[in-house]
Amino acid sequence: MTTSTEPYVLNIGPQHPSTHGVFRLRVVMDGEKIKDLDMIVGYLHRSMEKLAEERTFTQNIPFTDRADYLAAMTGNLGLAIAVERLAGVEVPERAEYLRVIFSELQRIASHAMANGTLISDAGAWQTPLLYMFREREKILDLFEMTCGARLTTNYMRIGGVAFDPPVEFWPALQELVDELPDRIDEYHELLVSNEVFLARTRGVGVISPEDAVNASLTGPVLRGSGIPWDLRKADPYSVYDRMDFDVVVGKSGDVYDRFMVRMSELYQSVKIIKQAISQIPSGAHKTDIPLALRPDEGEIYSRIESPRGEIGFFLVSDGGPFPYRFHLRAPSLINLSLLNELGRDAALSDAIVTLGSLDIVVGEIDR
Amino acid sequence: MSSDTRPATPMSRQIAEHRSLLDRALGLPKLVLVALSVALIGFVISQILIGYMVVSGQLDGKWYDIRDFGNAMVSLSDAINSSGMDSRIASTLTYLIPTLLGATGIVSVVGGWLLIGPWAERRLLAKFQIRQGPNRTGPFGLLQSLADALKLMQKEIIIPRGADRFLYFAPPIAVFIPAILGWAPIPWSPKMSYADLDVGVLFVIAISSLGVLAVFMAGWASNNHYSLLGAMRTIAMMISYEIPISVSLLAVVLLTGSTKLSEIVMWQSEQGVWLIMLIPFAALAFLFASTAEINRTPNDIGEAESEIVAGFYTEYSGMKAGLFMAVELGNAILVGALMSTFFLGGYTFFGLETWIPGYLILATKIGLVYFLFVWIRATLPRFRLDQLMGFAWKFLIPVSIALMFLTAIESSILVRWDAPSFLSLGLIALVNVAAAVGLTFVWMRVLFRDTDLSAPPAPILTRKMGGLQAAKVLRG
């Protein structure tokens, strides 16, 4: 005997515990299986790119905080580097090292958040998330010490960074860097050999290397599929070419691999910060630029590696103080584009975990 | 304070200035400390006096023997019967008064737990998650549940459009019936159980399947797809996991030779052994299956908050949702009580029940099982529905049944063989443990021979960047 069931529509979001922001999935379900899946974005659209055309280049930096609000430092840095390349601004040595330190701290904080929420999506009642928040909290304390803000830092400037860190920053940073590897080992013990977690993540949401490249995925999602591509090595910016670190690459491209790539990148980030602390020179933290910087006419596409992937800025200057066109290549949006394929014919629980492993930030998707 | 030793943020300052309870207690005025120590000495002396009375047997069977409230009930019935009342009135009274008092007792135990339970669970979870937990409402935040309940009562009750009104309003109340009824056969002390049924085990199994009805009603009547999904999942899971529960209770009945809960406890007490030592697999199966029955992690897929929001009670608001959450906590300690009674020796603790009231021992055991539940909840992610059902039907049920047959053989040998109990029971325990481990191993090999059970590969570290070609080289 066969029974036929009627497909029905389930709206996941815009308010839902695991959509990580205001983002909506319209799912056609047959029992527990997903038959079709639509992604509906735009609930957080703030017209950032158009607004940016009426502000000077420096005034645009706070927008990048609010795009990828879990990795404000790398957003700031991306825009700062793009404008520097466009206008030919020199950056002092000390500022470059500070930039590396802060963007790696931001990477740790962001990866901790990403992995923590992924496990929460898999159903662990927030314990790993809150464990990871312990480190994130210390990092945000460091941000607060330096620039007064914890989330929307607005720290990078065109031609350097806004402030030199205060005296108490350095011992606190050293302490954090010393204890971080032990803490990450703790998560490994708690999670990596946890059978329930393995059962939920291995072989789920597999992205083949070909699909990953064709969909132009970037960041840990791409590396989880086995493609060794990291802009810190492939197209070095700032002083990453002087740092000694490895790029972490997964093997099978499933949720577990993306999780592990982020987990192992935490160690690499700590390694980079340690080197930056030992190499950092003294000197100015910023070059003076005119209040209204007027780059020559021209355009530039500049990219850096944010925790979520390649965050790119396309700027067109008409010689005035405002950008003629300001475009943000948001890694979250492009990484999300494969969810349609991944979710189809998967169980609802698997689709949720897959969505969590893509690590989207809706502020960046909608801009 | 110099600037570099001072914690940087308000929160870390607050944590650094936090003093422990002992510190604060030692900081009290001298007079209070002296009064407290006098009270402590007085308490110890009174305990010694009570101990003397217990040893000399002066307490046994008296109405003021608070080790067993059953004594007071018996004395009360005797007093009514000997008072020269009309016999029909007397028999009605001897039935009514203990019934009402007992029902009040059970309801106040469950209700009292609902007052401190949410607080206890949240505090424990907070400790697991290195945070403080509710600590603002009353001493140690103890009034948090009261405040929550008051808040929930004030909230608007929303009835979704298209909901079936009767079926929508009934479940929050209906779900309480099994949660209260389940307490009836549980013995708290030798004479202290509400209804010491001869078919206690069957009663427990029957009652535990009642909860499905309320879930079904709630999920169907809410007119919401999340509710429907949650109800489907919960019903599938509850019905599947009823079988391992029944089978493991059958093993208990086979060994002890009784379906009466008080006799199951007495058997364990007389043999000086807990059933978890004799039939560990049945105990673990019972524990795991009950986490599925009461919707707790790792089996809380019926209300997986990251997937289907709140499962079958998504559409309920205010105190109606509060009742569903409350009944979950009530069920958790009910399962703790059943687990303690069947497998952990109930109200006995190797003779300690002479000294300490049995109900306190049982409460401690319930607390420990509950702690285990919270611990699991704080640690493990949840399974997927198909994994959970597969685990029940492919593994738990066949292995439980096989081991139940083994227990049947053992129990019939036990009856006929006149060996010292430590020898026979020790042998049974050994055989059962070996059989459980062996059978699990073999069955896993048969069932999951295609599944990759090896450790997951570690990620690769590389310094050479590239695209698809590089990826191929990297993977070899």
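This is a predicted model: local features need pLDDT of at least 70, side-chain atom pairs count only at pLDDT 80 or more; totals for chains, interfaces and linings use all residues.
Residues are numbered from 1 along each chain as its sequence is written, chains are lettered from A and ligands numbered from 1 in the order in which they are written, and side-chain values use heavy atoms, with hydrogens and water left out.

Chain A holds an open sheet of three strands in the order E1-E2-E3, with antiparallel pairing. Helices (H or I, at least four residues) and strands (E, at least two) are DSSP runs numbered from the N terminus, and two strands pair if DSSP finds at least two bridges between them. Strands E1 (8–12) and E3 (33–40) of chain A each have a single partner strand, so one side of each has no neighbour in the sheet. From one strand to the next the twist averages 25°; axes are lines fitted to C-alpha atoms, for helices over the stretch in contact, and angles run from 0 to 180 degrees between N-to-C directions. E1(A) and strand E2 (residues 24–30) of chain A run antiparallel and are joined by five bridges. Within E2(A), Val27(A) stands opposite Leu10(A).

Helices from both chains pack on this sheet. Helix H14 (residues 348–358) of chain A touches E1, E2 and E3 of chain A, and its direction makes about 30° with that of E1(A). Contact here means heavy atoms within 4.5 Å. Helix H12 (residues 225–256) of chain B touches E1 and E2 of chain A, at about 105° to the direction of E1(A).

Further along chain A, strands E8 (residues 309–317) and E9 (residues 323–329) pair in the antiparallel sense over six bridges. Val316(A) has Arg325(A) in E9(A) as its bridge partner. Five residues lie between the strands of this hairpin of E8(A) and E9(A), where Gly319(A) takes a positive phi near 90°.

Over all chains, the structure holds 31 aromatic pairs. Rings of Phe, Tyr and Trp (its six-membered ring) pair if their centres lie within 6.5 Å; planes under 30 degrees apart count as stacked, over 60 as edge-to-face and the rest as tilted. Phe197(A) and Tyr256(A) form a tilted pair, because their planes are at 55°, with the ring centres 6.4 Å apart. Phe197(A) lies in helix H7 (residues 195–201) of chain A and Tyr256(A) in helix H11 (residues 255–279) of chain A, so the pair ties together parts 59 residues apart in sequence. Both Phe197(A) and Tyr256(A) are buried, where buried means under 20% relative accessible area, exposed over 50%, and partly exposed in between (1.4 Å probe, protein chains only).

In chain B, Phe349(B) and Phe350(B) form an edge-to-face pair, 5.5 Å centre to centre with 65° between the planes. Phe349(B) counts as partly exposed because its relative accessibility is 36%. One aromatic cluster consists of Tyr168(B), Phe169(B), Phe312(B), Tyr313(B), Tyr316(B) and Phe324(B).

Ser290(B) lies in helix H15 (residues 280–293) of chain B. With 2% relative accessibility, Ser290(B) counts as buried. Not counting residues up to four places away in sequence, Ser290(B) touches Ile245(B) and Val335(B).

Chain B is divided into domain 1 (1–58) and domain 2 (155–447), with bounds from an automatic or database domain assignment. The centres of these two domains of chain B, taken over C-alpha atoms, are 38 Å apart.
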